[in-house]
Amino acid sequence: MMKKKVFALVMAMVMVWSLAACGGGSNNSGGNNNSSGGDSNTSGDEAQEIVVALITNTTGDYANYGLPVHNAAMMYFEEVNAAGGINGKQLKILEYDDKADGTESTNALNLAVQNGATAVLGSVLTGATIALADATYELNLPQITASATALNVTQIDPDDPNGEVRTNVFRACFTDPYQGELMADYAYNKMGARTAAILYESGSDYSEGLMNAFTAKAKEVGMEIVGSEAFATGDKDFKAQLTNIVNANPDVVYFPFYYAEAGVAVTQARTLGLKQTILGGDGFGGIKDYASAEDLEGTIYCSGYAPGTDSVKDFEAGYKAKYNEDVPNMFAPLAYDAAMILCKGLEAAEAKGLTPGSDEYKQTVIDTIAAMDGVAGITGSYSFDEYNNPEKPVAMIMLKDGAEIFDAMYEMK
């Protein structure tokens, strides 16, 4: 308790200092920036509002992830408001662009708390989300991320099974270790692979997390790793590493990194003569735009989203009608689900007649989410384990004729 009181005092000072430093949030359509103005939501007209912070990266590198998260979350929140809000109260969304930077995320949080935020949806990528989670944990502020997959988003020390859990932080996506293990299991049991090679990004929590889990699962099932090659963040030439992989002649090749670099690596691998199937993680979403259809043909990656299926068709139609584009990747439906989950918690707090922003209100939101048991979303039914990670199925996506096509749901053997 003393630690939290000290942190609250420090946060109050940082809020003042950060007003000039943080430009606040913006949305991609040039709408109002709701991050400024207004006091706490406990008096006057604001007593009829529930304030939520939406912190995403809508500009800069990897905005292809952040924009879908922002858009789909706003789509859900606006649907709630159009239906009358929650307990007759409208959601007031404070929108911030953190540019996938941890400092920007915490600056945005400072402003959001000053302006009455009682919960947070964000951030998008792992690094910024962990920085945000460090701050929200000290405040016991409910937080959910649509897409940050590293274990240490919700756990202080993932290597300690009895270690401290950030009890206020949740995610709508599955974790890095889970998808890494699943892809190794899929390669061995579904594809019949007995050898594999890996190209990964050194220093990336995301990439190394997938690589380590894939390697451990491969050893467990009896699949030999015949090559493991690393590249540094920012590298664009992978030919030396890929030459070693081609020479190792594995049954499958695993690329556990994001779509932009993966598209380059796929192109270079095919140029060097690699014929084997390439496997990827959920960061492959949207890779069809970063390599040729011919080079990507047969590539397989795991995703939290099964496009074109009955469970998501209404969402896909609504997203296209609102934003005049198809759903670009799994980040959009996961964000829609994250907003839904957060609103379920807000509904429970409102049903108790609690005051938004109060300790009791925030704790009720947290407890409600943690206790969910099979709550239906568009990417699956949500229950949460002891580490606040969702327990849900995984969609396998295959590249066919330049399109990313849902193949099947897969669970580990």
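How many bridges join strand β6 to β7? In this predicted model, eight bridges link β6 (residues 195-202) with β7, and the two strands run parallel. Within the β7 strand, Gly227 stands opposite Ala197.

These strands belong to an open sheet of seven strands with mixed pairing, whose order is β7-β6-β8-β9-β10-β13-β14. Its edge strands, each pairing on one side only, are β7 (224-232) and β14. From one strand to the next, the twist averages 25°.

Helix α2 covers residues 63-82, which is 20 residues. From its first C-alpha to its last, α2 reaches 28 Å, close to the 28 Å expected at 1.5 Å a residue. Because 15 of the 20 residues of α2 are buried, this helix is largely enclosed by the rest of the structure. Buried here refers to a relative accessible area under 20%. Just after α2, Gly84 adopts a positive phi of about 110°.

The largest pocket holds about 550 Å³ of space. Its lining comprises 28 residues, and those nearest the centre are Lys288, Asp326, Val327, Pro328 and Asn329. Two or more lining residues come from each of the elements α2, β10 (300-303), α10 (313-323) and β14 (403-410). The table gives the lining of the largest pocket by class.

| Class of lining residue | Number |
|---|---|
| Nonpolar | 14 residues |
| Polar | six residues |

Key
Residues numbered from 1 in each chain as written. Predicted model: local features only at pLDDT ≥ 70, side-chain atom pairs only at ≥ 80, totals over all residues. Heavy atoms only, no water. Helix = DSSP H or I, 4+ residues; strand = E, 2+ residues; numbered from the N terminus. Expected span 1.5 Å × (residues − 1). Buried < 20%, exposed > 50% of the residue type's maximum accessible area, 1.4 Å probe, protein only. 1 Å grid on protein atoms, 1.4 Å probe; cavity = no way out; pocket = protein on both sides within 12 Å on 5 of 7 lines; lining within 4 Å. Points joined across faces, edges and corners; volume = space filled by probe spheres on them. Nonpolar A, V, L, I, M, F, W, Y, C, P; charged D, E, K, R; others polar. Pairing = 2+ DSSP bridges. Axes fitted to C-alpha atoms, helices over the stretch in contact; angles between N-to-C directions.
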